Amino acid sequence: MKPRAFQYHAPESVGEAVGLLEAHGDDAKVLAGGQSLVPMLNLRLTSFEHLVDLNRIAGLGTIERSSGTVRVGAVVRQAAAERSPDVAVGAPLLARALPHIGHFQIRNRGTVGGSIAHADPASELPAVALALDATLEVSGPAGVRIIAADEFFLSTWETAIGDGEILISVDFPSWGGRCGFAVEEIARRHGDFALAGAAVGVGLDEDLRVVRCAIGLFGVGSTPVRAHDAEVALTGGASIGEAAALAAADIDPPGDVHATAMYRKEVAAVVVRRALAAAIEEACL
Ligand SMILES: Cc1cc2nc3c(=O)[nH]c(=O)nc-3n(C[C@H](O)[C@H](O)[C@H](O)COP(=O)(O)OP(=O)(O)OC[C@H]3O[C@@H](n4cnc5c(N)ncnc54)[C@H](O)[C@@H]3O)c2cc1C
């Protein structure tokens with residue numbers, strides 16, 4: 001099928017894009033990589049009279065690493081971030097998550113910002129943003145706002161981005177010291193959205209004790225979920241198995257045609273256990 005007719009806009013500045021969103025209100029939608037929006041338009045699951053394409057706006061397509069942070073512009077392609085040395089060094093958890101997204105054709109067009117703004121709870125990148133305590137910069141009619149990741153994801157496909165606002169960039173904090181990262185997920189086929197997954201970071205002290213832990217779960221609720229109790233337990237001396245069981249105990253996943261709620265809960269424990277083991281092993285190297 002073809003989408004309903006729409007007017008295409010290609011603004012060259014954030015101000016121009018925000019002005020278009022303000023002028024057209026609910027009739028307008030932001031277009032980034034189009035890998036989620038265009039299929040929905042083509043299937044006529046949704047329609048908009050105006051599409052505001054962000055891809056010609058200078059400055060939204062860059063990756064910058066400074067001390068302590070990797071800033072990824074909203075329209076940086078997932079494939080570009082996957083190949084970026086700055087992401088590999090400064091935000092290894094993001095680098096680990098990217099290859100799990102769909103297929104390379106999707107990642108060649110899909111953007112980091114689009115995945116996070118789309119806020120599919122089964123997506124990898126929202127869970128990475130949550131686990132790393134990323135901060136998100138949005139720009140809109142009232143100016144620029146910085147939103148913490150734990151306040152950004154409100155529900156399935158729903159975020160704290162307000163009317164007329166655009167996600168501009170995402171800051172992923174870099175971890176120092178002896179640390180390791182891993183992403184584990186279970187999907188029916190390679191490239192499918194995960195039934196359940198975990199994005200994990202750990203930091204070890206000189207005696208190889210876990211002193212820092214971050215666990216972001218995806219595919220297990222209406223938003224990505226941070227497994228706080230499991231993190232505290234692991235840094236308090238619990239075993240990997242105990243922490244994984246705690247992470248699964250705290251979630252209330254949905255059941256659907258792809259998997260039952262109980263299956264997702266069991267898989268969540270498995271992926272957390274595997275991810276923690278892999279991250280700790282890497283940190284020990
Ligand atoms: C076959 C297939 C398999 C896939 N598998 C996976 C997978 O396994 N894991 C996964 O995470 N994703 C998967 N995806 C989705 C893919 O990652 C998309 O690229 C991503 O979800 C959306 O990014 P986009 O740049 O394409 O955004 P678009 O499709 O252009 O936009 C998506 C939504 O976000 C909004 N938006 C985009 N950018 C901004 C912004 N800067 N500010 C405000 N709003 C914005 C748009 O208005 C729209 O509502 C898959 C897609 C396909 C087609």
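Modeller: We may begin with R44, which is found in the loop between α2 and β3 (50–53). Helices (H or I, at least four residues) and strands (E, at least two) are DSSP runs, numbered from the N terminus. The model is predicted, so local features need pLDDT of at least 70 and side-chain atom pairs count only at pLDDT 80 or more, while totals for chains, interfaces and linings use all residues. Residues are numbered from 1 along each chain as its sequence is written.

Biologist: Why does R44 count as exposed?

Modeller: A residue is exposed if 12 or fewer other C-beta atoms, placed from the backbone, lie within 10 Å of its own, buried if 20 or more do, and partly exposed in between. R44 has 11 C-beta neighbours inside 10 Å, and therefore R44 counts as exposed.

Biologist: What is the phi of R44?

Modeller: The phi of R44 is near 60°, a positive value, and R44 is a residue other than glycine. D133, also not a glycine, has a positive phi of about 55°. D133 is found in the loop between α8 and β6 (135–140).

Biologist: How do you know whether D133 is buried, exposed or partly exposed?

Modeller: D133 has 14 other C-beta atoms within 10 Å, so D133 is partly exposed.

Biologist: Which residues of helix α10 are buried?

Modeller: In α10 (residues 240–249), the buried residues are A243, A244, L246, A247 and A248. These buried residues pack against β13 (210–218), α9 (228–235) and α11 (261–284); contact requires C-beta atoms within 7 Å.

Biologist: What makes β13 and β14 a pair?

Modeller: Two strands pair if DSSP finds at least two bridges between them. β13 and β14 have 2 bridges, and the pairing is in the antiparallel sense. The bridge partner of L217 is V225, in β14.

Biologist: What is the order of the strands in the open sheet?

Modeller: The open sheet has 4 strands in the order β11-β12-β13-β14, with antiparallel pairing.

Biologist: Why are β11 and β14 said to stand at the edges?

Modeller: β11 (178–186) and β14 (225–226) each have a single partner strand, so one side of each is left without a neighbour in the sheet.

Biologist: Which elements supply at least two residues each to the shell around the ligand?

Modeller: They are β2 (28–31), α2 (37–42), α7 (112–118), α8 and β10 (166–173). With 5 residues, α7 gives the most to this shell.

Definitions and conventions:
Two residues are in contact if their C-beta atoms, placed from the backbone, lie within 7 Å.
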